[in-house]
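Subject: Structure handover and notes

Hello,

Here is the structure I said I would pass on. Please open it next to the notes in this email.

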Amino acid sequence: MGSDFEDDDEKPPTWGELCASLEVDRRVRRGILDLKWERPTLVQRAAIPVGLEGRDVLIHARTGSGKTACYAVPVLARLLKHKDVEVRRGEQRSEVLAVVLGPTRELVAQARRQLSDLGAYCGDAVGVVALLGERAADDAKRVAHNPRPDVLVATPAALHEAIEAAAATSAGHPLSRLGETVLAFVVDEADLVLSFGYDEDVEAVLGTLGLSAARGAAADRPQGFLVSATLGDDVAALKRVALRKAATVRLCESAGVFGGDRDDEAALAQYVVPVSKDDKYLVVYVLLKLGLLEGRGILFVNDVDECYRLKLFLDLFSIRCLVLNAELPLASRLHAIDAYNRGYYDLLVATDAAVSAPATNDDDEDEMASSSSKKKKKKKKSKEEEPKSDDAYGVARGIDFRNVSWVLNVDFPRTRSSYTHRVGRTARAGARGTALSLVAPSDASFLEAVRADQPPVRLAALATGGACSVVAALGTQGVDATRVAQPVDLAFDAGACEPFRYRVADVKRGVTRAAVREARAAELRKELLNSKQLEAHFAQNPNDLDFLKRDRIELHVRRDLVAENVKKVPSYLVPQALKAVGAQPRQSFKRKKTSHRAGVKRKKGQPDQSRRKDNDPLQTFDASGLRNLGDADAKLAPKKNKATPNAAAAAARPTAKVFSDSDLAAADGPLSNRAKWKQQHKKGSWAKNPKTSKRPKKFARGDSQAFRRKKI
Ligand SMILES: Nc1ncnc2c1ncn2[C@@H]1O[C@H](COP(=O)(O)OP(=O)(O)OP(=O)(O)O)[C@@H](O)[C@H]1O
């Protein structure tokens, strides 16, 4: 089997129907139903039945087509069957039954989460463990001490090193018996795994699983899944070694994610805007501040410095965003992804560029892992010398960012696969998305290569597709053929940016080289501050902690160059051509209120529940401590008066009482000067004439001349 998969079904099945027809374990079925996915994607409909048969599968489908479930469902189903047999025999063991390899630690964390979500109802039977490769010895311990290390998710290097560390400890370690226990293995994002230079580690791990070329025909081989968005020679070579009589499931390029015609779906609309290198920030400003790019998005640049420069530039315009790059420590990267996915930020500035010393295994003192670490470091160094690995450590690749409406390539990517993976962060699982790239004259050859790689599109579909209606309404430029190579030129007049040129230039000057350098360092300092390992050091050396806290990035940004008024865009500055297509100044990039009360309208007469009452002295006044008032309390009971519903309610509460001034004066002595002034100028919460006053009639008319509060 090795054909493109197209939709030949009139009515695609729902998840319930598919699972019922394939007799998928009800625990997995419930996990899927909880995710509220309506129906399986085309590639899921094709791959899951083959996987459930127990055959090896090569899955090749574009980004965001739901490839994870293609292996997760069959693997979980298989493990549950195995566990049920064990339970019947009364031989429950703690061993590794499936191995999932992913290219980066972010993707490992993501695959673990997706497997756990799908297996939410398998928790008692099947456990999922992720090895994040911090220290090989710790990883090996984590597996040994886990009661259910059934599915192991790791980068090839982390697993390889953990296996070596385990070999040095005991023969009975679950990682030392992988060759006997593993029933299924997966290489997820195989193209990335191999391009990241993990070939030796993959080879070593597959060897441990008994999958070396020499043992190709062994009958008890584990079932294999290779999953990839792009198919190159290296993936084909891996397939030859790792899979046997594999079925190839390939999503047809012209098919939509859920079937039908991709053009009709028009999920991803791709455009380019020619721009000079110096005007990039100006165009970015216009695109964001005039609301041309609606919804949440990701801005890609080509290096780490540029990442911070753009972030600082946007910060100065009060445009909130996060940064994501390979230099950030893992915890910060995972935190950034999580914060973005939870909707705390709408914008992410990311780079898929490598850094000279990627933060991977820093286990120098770890004796057991030292030899393999050295080997790995050596290998990485030689990889870095190859031009191909320049963009190899892309932290944003393969990550499932949620609800991304658009991707903006501020810098045009240097390889076709980098372009594919970047724009693949939007228009996922059949959603619509817009990819916009700023192309400088020096990027022409890269653009040509990308255009040769992307499927052509019908212009009509492009006009109705995408996620950004303002961009779609601008239309395209200089193309008249019915099918055109993507990305197409957007009809965006650079003249539209002129009114903003000076403010952008001013602000850009505020982002000095020192500020960029400092921003990079500040991120690392933040990590130091949060470091558990340094807690004891800071406890003994509080000055070090103070220094780190004080030395903030803000001190290095020239905020004095930015006048408050340039942050706002007056509507008269929006060019008519852009207004006509729906552009509107976007003044605020603040996070929307997520309070459950936000947006709930209060009915007339109902108390405002959203207001704090605990800091309102009129509501919290406690008279229980009043002394020497004697009978005064009785006199102070609020009068029955239709005009004072609040006062009546206040009287009903044990902690709230209202006193007349004369009563309080008796208890408290003469009025203070401030109270006298307020009385004279009629300030306070009463009205002279309750009939005409707009103020709430809180008090009886007789008391209105002289109330004041007293807190004891
Ligand atoms: N049948 C479905 N219906 C709706 N959403 C789905 C379905 N299957 C998967 N998804 C969602 O689509 C998103 C993309 O899924 P997944 O990460 O598996 O895609 P992918 O093909 O592996 O993408 P990439 O190659 O970029 O990693 C996820 O948020 C997932 O929850």
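Predicted model: local features only at pLDDT ≥ 70, side-chain atom pairs only at ≥ 80, totals over all residues.

**Helix pair H1 and H3**

Helix H1 covers residues 15-22 and helix H3 covers residues 42-52. Their axes come within 11 Å and cross at roughly 25°. Angles under 35 degrees count as roughly parallel, and H1 and H3 are therefore roughly parallel to each other. The crossing of the two is right-handed. On the H1 side the contact is made by Trp-15, Leu-18 and Leu-22, and on the H3 side by Gln-44, Arg-45, Ile-48, Pro-49 and Leu-52. Sorted by class, the contact of H1 with H3 has six nonpolar residues, one polar and one charged.

**Backbone features**

There is a cis peptide bond from Gln-486 to Pro-487, with omega near -10°. Pro-487 sits in the loop between strand S16 (483-484) and strand S17 (488-489).

Two residues to look at for positive phi are Glu-23 and Lys-245. Glu-23 has phi near 55° and is not a glycine. Its place is in the loop between H1 and helix H2 (26-34), and with 71% relative accessibility Glu-23 counts as exposed. Lys-245, also not a glycine, has phi of about 45°. Lys-245 is found in the loop between helix H11 (233-242) and strand S8 (247-251). The relative accessibility of Lys-245 is 75%, so this residue counts as exposed.

**Salt bridges**

The structure holds 22 salt bridges. A few of them are described here.

Asp-138 and Arg-135 meet through their side chains in a salt bridge, at 3.5 Å from N to O. Asp-138 has a relative accessible area of 33% and is partly exposed. Arg-135 is partly exposed as well, with 29%.

Arg-296 forms a salt bridge with Asp-346, and the closest N and O atoms are 3.8 Å apart. Arg-296 lies in the loop between helix H13 (280-289) and strand S10 (297-301), and Asp-346 in the loop between helix H15 (330-341) and strand S12 (347-351), so the pair ties together parts that are 50 residues apart in sequence. Arg-296 has a relative accessible area of 12%; buried means under 20%, so Arg-296 is buried.

Asp-506 and Arg-509 form another salt bridge between side chains, at 2.6 Å from N to O. Both residues lie in helix H21 (residues 501-510), three residues apart, which is about one turn of the helix. Asp-506 counts as partly exposed at 31% relative accessibility, whereas Arg-509 counts as exposed at 52%.

There is also a network: Asp-25, Arg-27 and Asp-84 are joined into one by salt bridges that share partners.

Gln-114 is part of helix H5 (residues 105-118). Leaving out residues up to four places away in sequence, Gln-114 touches Thr-68 and Asp-400.

Asp-443 is placed in the loop between strand S14 (433-439) and helix H18 (444-453). The C-alpha atom of Asp-443 is separated by 9.6 Å from that of Pro-274, although the two residues are 169 residues apart along the chain.

**Places to open in the viewer**

- The contact of H1 with H3, including Trp-15 and Leu-52.
- The cis bond from Gln-486 to Pro-487.
- The salt bridge of Arg-296 with Asp-346.

Regards

Terms used:
Residues numbered from 1 in each chain as written. Heavy atoms only, no water. Axes fitted to C-alpha atoms, helices over the stretch in contact; angles between N-to-C directions. Helix = DSSP H or I, 4+ residues; strand = E, 2+ residues; numbered from the N terminus. Parallel < 35°, antiparallel > 145°, perpendicular 65-115°, else oblique. Left-handed = near helix turned anticlockwise from the far one by under 90°. Contact = heavy atoms within 4.5 Å. Nonpolar A, V, L, I, M, F, W, Y, C, P; charged D, E, K, R; others polar. Buried < 20%, exposed > 50% of the residue type's maximum accessible area, 1.4 Å probe, protein only. Salt bridge = Lys/Arg side-chain N within 4 Å of Asp/Glu carboxyl O.
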